[in-house]
Amino acid sequence: MSHPLHRLSAVAVAAVWALTGTAPPVPVERGWTWPTAPVQIVRPFVAPAHAYGAGHRGIDLTADGAVRSPADGVIAYSGIVVDRGVLTIDHGDGLVTTFEPVESALRAGEAVTRGQEVAEVSSGGHTADGAVHFGVRRNGDYINPLLMLGGVPRAILLPCC
């Protein structure tokens with residue numbers, strides 16, 4: 001069963017931890033990096049009401065084509081599921097990431113490093129063209145990927161004209 005804090009933004013979770021003095025239920029300080037650049041979330045995480053309920057168990061990100069591993073790990077699965085390519089990386093400690101739709105030459109058992117290009121965005125599934133679905137599971141439960149990434153990157157305003 002997922003922790004109730006998984007439904008909050010990473011900033012709100014950090015505030016709860018600071019105010020209550022409780023330990024975080026997920027490891028937010030692991031040095032994970034965004035799997036795409038520049039970062040733009042086109043569809044946010046929506047936690048289901050229960051294990052089999054409707055929701056969006058990950059975030060959809062725009063991608064320039066390349067998808068990178070957010071952390072060191074080992075490829076757990078690389079192949080086709082129904083109509084789209086899927087890549088799953090086991091990062092240890094019960095943490096697993098999944099990307100779809102993608103094409104990858106990597107195979108199960110291959111080690112990858114943080115920031116390594118692991119796939120190219122493809123088509124199929126529920127994502128918009130040019131987007132990739134990024135899911136994170138901890139001990140089998142889907143969690144908001146923002147919890148592993150420290151929230152949404154700060155916007156940088158550029159000078160006008």
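What follows is a short chat about a predicted model of one protein chain.

Colleague: What does the secondary structure of the protein chain come to?

Modeller: Two helices and 11 strands, taken as DSSP runs (H or I of at least four residues for helices, E of at least two for strands) and numbered from the N terminus. This is a predicted model, where local features need pLDDT of at least 70, side-chain atom pairs count only at pLDDT 80 or more, and totals for chains, interfaces and linings use all residues. Residues are numbered from 1 along each chain as its sequence is written, and side-chain values use heavy atoms, with hydrogens and water left out.

Colleague: And in which order do the elements run?

Modeller: From the N terminus on, α-β-β-β-β-β-β-β-β-β-β-β-α.

Colleague: How many of the 161 residues count as buried?

Modeller: 40% of them; buried means under 20% relative accessible area, exposed over 50%, partly exposed in between, with a 1.4 Å probe and protein chains only.

Colleague: Which residues touch the most other members of the largest nonpolar core?

Modeller: Trp32, Val118 and Phe134, out of 25 residues. Such a core is a set of buried Ala, Val, Leu, Ile, Met, Phe, Trp, Tyr and Cys residues joined through side-chain atoms within 4.5 Å.

Colleague: What does Phe134 touch?

Modeller: Leaving out residues up to four places away in sequence, its contacts include Trp32, Pro35, Ile59 and Leu149; contact means heavy atoms within 4.5 Å.

Colleague: Changing topic, where is Tyr77 found?

Modeller: In strand β4, residues 73-81. Tyr77 counts as partly exposed because its relative accessibility is 35%.
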